[in-house]
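The sequence and structure are shown first.

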Amino acid sequence: MIRRPPRSTQGVSSAASDVYKRQRVLRVTGRSTSRLCSSSVSWLGGRDAHAWASDLQRAAKAAMRGSDRTLRAALALATTTAIAPNAGRGRLFLDSASVDAWRELLPTGLFYGVTTNPTILKRDGVPCTVPDVAKLARTALGAGCQEVMVQAWGGSVDAYEKCSLDLLDAVGDADHLVIKLPLTRDGVVAAHRLRDEAHLCMTACYGREQALVANALKASYLAPYLGRMSDAGLDGAAECQRIQGCLDGCRSPTRLLVASLRSASTVFDVLSWGSDATFSPDVARELLSSARTDAAAAAFEEDALFEQPLLDDSAG
């Protein structure tokens, strides 16, 4: 898959250059159409545009092949989906690079996808290389994830951009891959370069003012660290609620994905104010565990084995 035009066309055949340009036009048009429809959904009150971004991109490509009727139909679909009953449901992500944890927890159906970063990769023993991360992402998509988030690395604008494009090419499924970039100056510049190439998550958010940056970039997600904010002496929950309020007030297409959540009760709070949440396997297990529920289920099973005594029909 070709993603960027060469710095120089010297030595590149005319045919290859034409194919290259067409691929880029189709990709950028599809991405722009998805963003347009996402904005329409946000404006109408829906918050689940990216679930059908793939269909919209395919429609845009069909329109580029000679008919704008399909594109108009896609925009009509955007309006219909915006008022769907389930449009505002929060998304849960599993913050893990452990395939064993995925096997345990993804079959529950709770999770829209998985999130990773270099720290999580290190913790779970996955080398931070493009081939290894791409293989991990393909495994997650094969396990049924709607989206997989992987973080670019390199520390400079050019390095972030190259790493992001290499990951997109290696995974080969840009519709369901989200590239994470830090809210540093270099990360923001790289995100601006990539905004028509990929779905983006701006991460390492520590203040409500950074929501303005994510909104301006029209990033798919913004990821504040609630727990770490609280560790730094801030009111992490209040900051995240104000960020969500800002995004709602701007009618932004950016979803708030709250991270650094350390208990199931905090996950509940996050979804109650309309945000998405990503959390560790330990928190997921807590969410799925209740001593009283287990006791009630055990009582049901015990009662299911109860045998009604047979009635004696000999008398009368």
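In what follows, Ala, Val, Leu, Ile, Met, Phe, Trp, Tyr, Cys and Pro count as nonpolar, Asp, Glu, Lys and Arg as charged, and the others, Gly among them, as polar. The model is predicted: local features need pLDDT of at least 70, side-chain atom pairs count only at pLDDT 80 or more, and totals for chains, interfaces and linings use all residues. Residues are numbered from 1 along each chain as its sequence is written, and side-chain values use heavy atoms, with hydrogens and water left out.

The largest pocket has a volume of about 370 Å³. A pocket is an open set of points on a 1 Å grid over the protein atoms alone, where a 1.4 Å probe fits, with protein on both sides within 12 Å along at least five of seven lines; lining residues have an atom within 4 Å of a point. The volume is the space filled by probe spheres set on the points. Of the 20 lining residues, Asp95, Ile120, Arg228, Ala259 and Ser260 are the closest to the pocket centre. By class, the lining has eight nonpolar, seven polar and five charged residues. Helix H5 (118–123), strand E7 (255–261) and strand E8 (276–279) each supply at least two of the lining residues, and E7 gives the most, with four. Helices (H or I, at least four residues) and strands (E, at least two) are DSSP runs, numbered from the N terminus.

Two helix pairs are set out below; axes are lines fitted to C-alpha atoms, for helices over the stretch in contact, and angles run from 0 to 180 degrees between N-to-C directions.

| Pair | Axes come within | Crossing angle |
|---|---|---|
| H6 (130–142) and H7 (157–171) | 9 Å | roughly 50° |
| H7 and H8 (185–194) | 8 Å | roughly 45° |

The angle of the second pair makes H7 oblique to H8; angles under 35 degrees count as roughly parallel, over 145 as roughly antiparallel, 65 to 115 as roughly perpendicular and the rest as oblique.

Val130, Val133, Ala134, Ala137, Arg138 and Leu141 in H6 meet Asp166, Leu167, Ala170 and Val171 in H7, contact meaning heavy atoms within 4.5 Å. This set divides into eight nonpolar, no polar and two charged residues.

On the other pair, Val157, Asp158, Tyr160, Glu161, Ser164 and Leu165 in H7 meet Asp186, Gly187, Val189, Ala190, Arg193 and Leu194 in H8. Here the classes are six nonpolar, two polar and four charged.
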